[in-house]
Amino acid sequence: MPRVQSETTVELNIKKAFALSQTYGEVRYMWDPFVKEQHLLDGANTAAKGVKTITKSKHGLTMISEYITFKAPTHVGMRMIKGPKFFSSFSGGWNFTEVSENETKVVWRYNFVSRPKFLSNITDAIGIKILQRDIDQRLEAYANACKNQEIIDKLHID
């Protein structure tokens, strides 16, 4: 299964670093260059294990995902329920490790299986290239948001 990963260390405590990564609506749109629209489904007010989301990307793709794990403030895992036809499966994980009181190591990963299977040598290589670029850009934007006091203040977390 192909995997892409990106990591950074941010000067923000682990609770705020985690919370920023799990924002929806206005705050998410302020920092995430990938997301055009994203919200929780089925009347959910907060993210949690089993909660589904819909994400529309700026690339024009739509994916319905489900949280398969939600352990604030250290880990989130999601899997695709329905999405672009070129993925037979897609999942992502975000890990947060406290380095110090105001510093957090952040690692984001995507795993995927492309289709059609008989073209996977080609489609996997293309997917790795595109997804690596996207995850790097998203994590860089996230790290910049961690430095933006206006965005951090919107989290309403001490």
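Guide: Two strands pair when DSSP finds at least two bridges between them. Helices (H or I, at least four residues) and strands (E, at least two) are DSSP runs, numbered from the N terminus. This model is predicted: local features need pLDDT of at least 70, side-chain atom pairs count only at pLDDT 80 or more, and totals for chains, interfaces and linings use all residues. Residues are numbered from 1 along each chain as its sequence is written, and side-chain values use heavy atoms, with hydrogens and water left out.

Visitor: How many helices and strands are there in the protein chain?

Guide: Walk along from the N terminus. The elements run β-α-α-β-β-β-β-β-β-α-α. The count is 4 helices and 7 strands.

Visitor: What is the order of the strands in the open sheet?

Guide: Strands of a sheet pair through backbone hydrogen bonds, either parallel or antiparallel. Here the pairing is antiparallel, and the sheet is an open one of 7 strands. Their order is β1-β7-β6-β5-β4-β3-β2.

Visitor: Which strands stand at the edges of the sheet?

Guide: Look for strands with a single partner, so that one side is left without a neighbour in the sheet.

Visitor: What does the twist average from one strand to the next?

Guide: Follow the order β1-β7-β6-β5-β4-β3-β2 across the sheet. From one strand to the next, the twist averages 20°.

Visitor: How many bridges join β6 to β7?

Guide: These two strands run antiparallel, and β6 covers residues 87-100. G93 faces R109 in β7. The number of bridges joining β6 to β7 is 12.

Visitor: At what angle does α1 run to β6?

Guide: Axes are lines fitted to C-alpha atoms (for helices over the stretch in contact), and angles run from 0 to 180 degrees between N-to-C directions. Helix α1 lies across β1, β4, β5, β6 and β7. Its angle to β6 is about 160°.

Visitor: Where does R3 lie, and which side chain does the side chain of R3 join in a polar contact of 2.9 Å?

Guide: R3 lies in strand β1. Contact means heavy atoms within 4.5 Å, and R3 touches R109, Y110 and N111, leaving out residues up to four places away in sequence. A polar contact is a pair of N or O atoms within 3.5 Å; within protein, one must be able to donate a hydrogen and the other to accept it, and residues adjacent in sequence count only if both atoms are side-chain atoms. At 2.9 Å, the partner side chain is that of N111.

Visitor: How far apart in space are R3 and I128, C-alpha to C-alpha?

Guide: In sequence, R3 and I128 are 125 residues apart. In space, C-alpha to C-alpha, they are apart by 7.3 Å.

Visitor: Is Q22 buried or exposed?

Guide: Q22 is found in the loop between α1 (14-21) and α2 (26-31). Its side chain makes a polar contact of 2.7 Å with the side chain of Y67. Buried means under 20% relative accessible area, exposed over 50%, partly exposed in between (1.4 Å probe, protein chains only). Q22 has 13% relative accessibility, so it counts as buried.

Visitor: Is D42 buried or exposed?

Guide: D42 is in the loop between β2 (35-40) and β3 (52-57). Its phi is near 60°, a positive value in a residue other than glycine. The relative accessibility of D42 is 71%, so D42 counts as exposed.

Visitor: Which residue is joined to P116 by a cis peptide bond?

Guide: P116 is in the loop between β7 (103-114) and α3 (120-146). Omega of this bond is about 0°. The residue joined to P116 is R115.

Visitor: What radius of gyration does the protein chain have?

Guide: The radius of gyration is taken over C-alpha atoms; the globule rule is 2.2 Å times the number of residues to the power 0.38. For 158 residues, a compact globule would come out near 15 Å. The protein chain agrees, because its value is 15 Å.
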